[in-house]
Amino acid sequence: VEMHADSREDRDGASAGDIVALVGLKNVQTGHTLCDPKDPATLEPMVFPEPVISVAVSPKDKAASEKLGEAIGKMVREDPSFYVETDPDSGETILKGMGELHLDIKVDILKRTHGVEVDVGAPQVAYRETITQRIEDSYTHKKQSGGSGQFGRIDYVIEPLTEEVKEEAKNGFYFESKVVGGNVPKEYWPAIEQGFANSLEKGVLAGFPLLDVQVTLLDGAFHAVDSSAVAFEIAAKSGYRQTVPKCGPQLLEPIMKLDVFTPEDHVGDVIGDLNRRRGMIKSQDTTPTGVRVKADAPLSEMFGYIGDLRTMTSGRGQFSMEFSHYAPCPRNISEEIIAKVQEEKEAANK
């Protein structure tokens, strides 16, 4: 069918360039290719960036609670850039997306399409952590309690990810072993890698995931009876906790690419406002109807921007925003975020 606002018109066929809707498809998701069974084809899938903003939602009553899971499951299948998870500490349902507007629309769909009323928490920014220094260290895990014990020693280097291995890194983590001889048998290397990889999920500054880290296993020692994959995995986890705080950990914040349109007489106000939001102006182009300003700005400073922009430009300003990269947080912002996380932890413990 061809869609015209809220009416639809049946069509016998469609050719290249036509935009049509297909009714009654089952088990079809965003990113699938539809083709003639006699002439199968798969188009290259779209690459969806990681979400950079999240909000907590909670159902307003028990009836909404039962419908929420079903509705969210359907929405996740429809939109690959929309993620949902349950916070293991608070048990809250967390919606993650590409920006404030994206999540506003999702909450609206929950209410209008699925009839689920929810309370929405304040937006949370997806901060990350990284390290800035190379540290060589050693850790021995030893435990003896009747029967066979646990033993594993590892000598390793933890350092920022180097350019040479960036392409081979998985989720910003690269591991290699330079152990020669049998000081750490090969069958234990995957356990050591796993121990470090799992630890990266919680950084040492404020518990945000750690990015761009390289670990090199240099040497170690094992015991014929007491050593096991578990012992070496524990050694890696403990080594991570021991060494990463010495590696100059640093907080990273998501930086967004902005494209702002404003009438010419408001350019000064718009640029001044972006500077106050720690924005970096990249370019300024005059168009027949106004000025287009391109800039990079931290996501944490962009909440509620559309309202401020409309106010500054008498309702004529527009903007679009997409994730660009992660960049180090200024020290004062970093200290605020770490203090806030500590407060939340203490409150949760009480």
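Strands β14 (residues 280-287) and β15 (residues 290-298) run antiparallel and are joined by seven bridges. The model described here is predicted.

Asp 259 belongs to strand β13 (residues 250-262). Its relative accessibility is 17%. The cut-off for buried is under 20%, so Asp 259 counts as buried.

Which residues does Asp 259 contact, leaving aside its neighbours within four places in sequence? They are Arg 292, Val 293, Lys 294, Gln 318, Phe 319 and Ser 320.

The loop between β13 and α5 (267-276) holds His 266. At 13% relative accessibility, this histidine counts as buried. Not counting residues up to four places away in sequence, His 266 touches Met 312, Thr 313, Ser 314 and Arg 316.

## The four-stranded sheet

An open sheet is built from four strands, in the order β9-β10-β12-β11, with mixed pairing. β9 (135-143) and β11 (173-177) stand at the edges. Each has a single partner strand, so one side of each is left without a neighbour in the sheet. From one strand to the next, the twist averages 25°.

Within the sheet, β10 (residues 150-160) and β12 (residues 213-221) run antiparallel, joined by eight bridges. Pro 160 stands opposite Val 213 in β12. Two helices pack on the sheet. Helix α3 (residues 189-199) touches β10, β11 and β12. The direction of α3 makes about 155° with that of β11. Helix α4 (residues 229-243) touches β9, β10 and β12. The direction of α4 makes about 40° with that of β10.

Is β3 largely enclosed or left open by the rest of the structure? Five of its seven residues are buried, so β3 is largely enclosed.

Five bridges link β3 to β5, and the two run antiparallel. Here Ser 54 has Lys 96 of β5 as its bridge partner. With β6, the pairing is antiparallel over three bridges. Pro 59 has Val 118 of β6 as its bridge partner. With strand β7 (residues 124-125), β3 pairs in the antiparallel sense over two bridges. Ile 53 stands opposite Val 125 in β7.

## Helix α2

Helix α2 (residues 100-112) has 13 residues. At 1.5 Å a residue, α2 should span 18 Å. Its end C-alpha atoms are 18 Å apart, which agrees.

Which residues of α2 are buried? They are His 102, Leu 103, Lys 106, Val 107 and Leu 110. Seen down the axis of α2, the buried residues fall within an arc of 135°, so they line one face of the helix. An α-helix has 3.6 residues a turn, so residues three or four places apart point the same way. On the other side of α2, Leu 101 and Arg 112 are exposed. The cover over the buried residues of α2 includes β3 (53-59), α1 (62-78), β5 (93-97) and β6 (118-120).

Methods:
Residues numbered from 1 in each chain as written. Predicted model: local features only at pLDDT ≥ 70, side-chain atom pairs only at ≥ 80, totals over all residues. Heavy atoms only, no water. Pairing = 2+ DSSP bridges. Axes fitted to C-alpha atoms, helices over the stretch in contact; angles between N-to-C directions. Contact = heavy atoms within 4.5 Å. Buried < 20%, exposed > 50% of the residue type's maximum accessible area, 1.4 Å probe, protein only. Expected span 1.5 Å × (residues − 1). Arc of directions from axis to C-beta.
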